[in-house]
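My notes follow the order in which I looked.

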Amino acid sequence: MSLPKREVEELRPWVERTVKKVLGFSEPTVVTAALHCVGKGLDKRKTIDQLRPFLDDSAGGFVERLFEALEESRSTRGNKGSGEKNRKRELKADTGAARETPEPTDGTTAKRKRVPRFEEVEQPEVIPGPPSESPGMLTKIQIKQMMEAATKQIEERKKQLSFTPPAPRLPFPTSQSQLDAGGGSSIAPYQAASFMNDAIEKARKAAELQARIQSQLAMKPGILGVLGNTGPQNFVALANLHAMGIAPPKVEPKEVNKPTPLILDEKGRTVDASGKEVELTHRMPTLKANIRAVKREQFRQQLKEKPGDDLESTSYFDQRVPVPPAQRARRTFKFHDQGRFEKIAQRIRTKAQLERLQNEIAQAAKKTGIQASTKLALIAPKKEIGEGQVPNIEWWDSFILPSNIDINSDTKFEALELFGVTSLVEHPAQMSPPVDTDKPVTLGVYLTKKEQKKLRRQTRREGQKELQEKVRLGLMPPPEPKVRISNLMRVLGTEAVQDPTKVEAHVRAQMAKRQKAHEEANAARKLTAEQRKEKKVKKLKEDLTNGVHIAVYRIRNLQNPSKKFKVEANANQLYLTGTVVLHKDVNIVVVEGGPKSQKKFKRLMMHRIKWEEHNSKRDDPDGDDDTKRNNKCWLIWEGTAKERSYGEIKFKQCPTESMAREHFKKHGTEHYWDLALSQSVLETTDD
């Protein structure tokens, strides 16, 4: 059974809380899917199938909770609906006389007039009548009996103390037995005075209570009427108040028949006759949506109200715990102090100046080699050793020796504890080499020119013998005589004499036929353009299964565009891969390929390119003249690797050393940069 949209929306908060409890976080998709299943009226099995992709194993428990909440809401709504029906039935029974319509006498059913939902219902005029006794209000007989008992008790106490009544009392009959009992008892004066005071106090309180009740009843003319129409019980209460010396409350009767006049001031507010603002009573809405909106607004007002001071008087109030405000305070203007931004600007200027100074110091240190020399100090000897002198210890052995001892010729190394040296023998794991060099190398057989001619003659002679055997056996016709202009008369003889023109034409036709067959055979053997290209590429692309040959070059200045083009173009033509890193004074070129390509590229870098020439206007204008004049290319390292580390050759501009090393580290070849940089630093220090 499908549910209306309003009831589905009422279930949404509960479903959201349950989803958050099951999943640990709020998920609008699961909430929407669950409400959709409930709205469509699906049973438990279909609902579990719909929600299983979202909740997995917890879908069954969630659906059980969902249907239990649905049943509770239905039962609550049914009870609420029956209560509403009963209330409407009672209201209709009370006001039935005003709403009844005369039944038609002709037998036809009378049409009931439809009353709009929002039309105000006129209240019938209430005729003042006798008050109805309620369970919480005293009846007339009880009030009369209470007042009689109080009056009797007062009279008895007065007689015991021999007092005369200060004022005439109302005639109430008193029993003789009580008088006799009172006269026979003797009470001390101080006890009689206390009893008298207690009795007077009780009587006064009872009279005040009765007068207050009657005044409240008199203010409601629809229940009890005006004060002038009250019964004898009011007179009893007023008489008692006068006897106690208490002034009765003044109650002004209200006019019921006349409506309260509506007075508006200049601002449009409702005021009374004296000019005070009057709050008009607002009708409560009857629709569920409007009722919920009013309750929501009242709840917000309660949240906005701050807790009163009465919290401090409670036993569970703790002053150490601050009460957070219900809502964030409204933002106000907050002006900055004078000079705040000037201080910030001065701090930024100081920081920029410090960075500029650090850059200048770094550039100066880089030019002098101080920055990189600190890195090389770990592997270089610390002491200056003259030529021909033998050091006490080599610098590569200083790593395993203790650093707090002085080494001399009398030092006994057997007694020292060497770092990392133990009595154990380490057997490293056997690793196969990256390239299998145990395969036998097969060398090609090369013939001399004389041997090649001899081999060709033998091959042709064997071919001619095969043709002659086929002709002799009659497998093929004998070939035509090979006639040329030079042997025309000798081959043809008398035929040539009879018709020389015809014979010459026949001979020339044979010659053209042989030439055409020869050219067709050559064309059949000739390679196409794609085949020639593949042959050339295959010749340049060498077999790299046995390893890749790598070469690393360092150039002092590589800002000339023509030289950069030559490096890139030749590397692409020779099918070499690698990278070119441009850094000041340390420009590194790494190329990977076969041995033949490396040989040609090495000749290009070391001999063909003239690095000292500067004939281009597009050279680096900021470059040092000494660097341009002493420009040179060094082969840092060459060797083999198992596979390539780079793709197509590309240029990379690296302004800092860390950026250049990071570029090489990304490809796993940071040792190329370390080697080139160390040689550059050592060369700078030597200069």
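The entries below start with the ground rules and then go element by element.

**Ground rules.** I worked on a predicted model, in which local features need pLDDT of at least 70 and side-chain atom pairs count only at pLDDT 80 or more, while totals for chains, interfaces and linings use all residues. Residues are numbered from 1 along each chain as its sequence is written, and side-chain values use heavy atoms, with hydrogens and water left out.

**Sheet.** I took helices (H or I, at least four residues) and strands (E, at least two) as DSSP runs, numbered from the N terminus. I counted two strands as paired if DSSP finds at least two bridges between them. An open sheet of five strands came out in the order β6-β3-β5-β4-β7, with mixed pairing. Its edge strands are β6 (633-641) and β7 (650-653), each of which pairs on one side only. On average, neighbouring strands are turned by 15° against each other, direction ignored. For such angles, axes are lines fitted to C-alpha atoms, for helices over the stretch in contact, and angles run from 0 to 180 degrees between N-to-C directions.

**Helix on the sheet.** I set contact at heavy atoms within 4.5 Å. Helix α20 (residues 595-608) packs on the sheet and touches β3, β5 and β6. The direction of α20 makes about 10° with that of β3.

**Strand β5.** I looked at the neighbours next. Strand β3 (residues 548-555) pairs with β5 in the antiparallel sense over seven bridges. Val552 stands opposite Val590, and Ile555 has Asn587 as its bridge partner.

I then checked burial, where buried means under 20% relative accessible area, exposed over 50% and partly exposed in between (1.4 Å probe, protein chains only). Seven of the seven residues of β5 (residues 587-593) are buried, so the strand is largely enclosed by the rest of the structure. One side holds Asn587, Val589, Val591 and Gly593, the other Ile588, Val590 and Glu592, and both faces are covered.

**Helix α17.** The 26 residues reach 38 Å from first C-alpha to last, close to the 38 Å expected. Its buried residues are Val503, Val507 and Gln510, and they pack against α15 (488-492) and α16 (494-498).

**Helix α3.** In α3 (residues 44-55), I found Thr47, Ile48, Leu51 and Leu55 buried. Seen down the axis, these residues fall within an arc of 95°, so they line one face of the helix. The arc is that of the directions from the helix axis to the C-beta atoms. The face turned away from the buried side carries exposed Arg45 and Pro53.

**Lys563.** I looked up this residue in helix α19 (residues 561-573). Lys563 counts as buried, at 6% relative accessibility. Leaving out residues up to four places away in sequence, it touches Leu558, Ile609, Lys610, Trp611 and Glu613.

**Cysteines.** How many disulfides are there? With a disulfide taken as a pair of cysteine sulfur atoms within 2.5 Å, the count is zero. Cys37 is buried at 3% relative accessibility, and Cys654 is buried at 1%.

Methods
Expected span 1.5 Å × (residues − 1).
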